[in-house]
Amino acid sequence: MSDTEFKTVELTQPIKRGDKKTIDSISVRKPKGGDLRGLSLMQVAQSDYDTIVQLLPRISDPVIHKNDINDMQVDDLMDVSMAVAGFFIKQEKLSPVTAP
């Protein structure tokens, strides 16, 4: 897979699991069709919370669970959600438009 199929988000507030494990960053991969089963593409693109909660465990490394997402700082959650939503925009659409 190419680098454009993965995005890594550095967390401002690490996720704590148990007494010793902390997660400082989350890598998300570009979703495939099966990852989107039961989800609305529009809600994924709009970063709908409930939809992101269902999708993230399918595409994150390390796997981020619902409890982790519930405890995430809002700015970190937004960064991860925007990284996911960015997969739904073709790269040529992100090119700056030049005036004639």
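Serine 47 counts as buried because its relative accessibility is 18%, where buried means under 20% relative accessible area, exposed over 50% and partly exposed in between (1.4 Å probe, protein chains only). The model is a predicted one, in which local features need pLDDT of at least 70 and side-chain atom pairs count only at pLDDT 80 or more, while totals for chains, interfaces and linings use all residues. Residues are numbered from 1 along each chain as its sequence is written, and side-chain values use heavy atoms, with hydrogens and water left out.

**Around serine 47**
- This serine 47 sits in the loop between α1 (41-45) and α2 (49-59); helices (H or I, at least four residues) and strands (E, at least two) are DSSP runs, numbered from the N terminus.
- Setting aside residues up to four places away in sequence, serine 47 touches Ile52, Ser81, Met82 and Ala85, a contact being heavy atoms within 4.5 Å.

**The β1-β2 hairpin**
- Strand β2 (residues 21-29) runs antiparallel to β1, and eight bridges join them; two strands pair if DSSP finds at least two bridges between them.
- Three residues lie between β1 and β2 in this hairpin, and glycine 18 in the turn has a positive phi of about 65 degrees.
- Lysine 16 has threonine 22 of β2 opposite it.

**Salt bridges**
- The count comes to two salt bridges, each being a side-chain nitrogen of Lys or Arg within 4 Å of a carboxyl oxygen of Asp or Glu.
- One of them joins arginine 17 to aspartate 68, with the closest N and O atoms 2.5 Å apart.
- Arginine 17 belongs to strand β1 (residues 6-17) and aspartate 68 to helix α3 (residues 66-71), so this pair ties together parts that are 51 residues apart in sequence.
- Arginine 17 counts as partly exposed because its relative accessibility is 24%, whereas aspartate 68, at 8%, counts as buried.
- Arginine 29 forms a salt bridge with aspartate 35, where the closest N and O atoms are 2.8 Å apart, and both residues are buried.

**Aspartate 76, buried without a salt bridge**
- Helix α4 (residues 74-86) holds aspartate 76.
- Aspartate 76 is buried yet has no salt bridge, and lysine 16, the nearest side chain of opposite charge, is 12 Å away; Lys and Arg count as positive and Asp and Glu as negative, with His and the chain ends not counted.
- The aspartate 76 side chain does reach the backbone nitrogen of glutamine 13, at 3.1 Å.
- Apart from neighbours within four places in sequence, aspartate 76 is in contact with Glu10, Leu11, Thr12 and Gln13.

Technical notes:
Polar contact = N/O pair within 3.5 Å; in protein donor to acceptor, adjacent residues only side chain to side chain.
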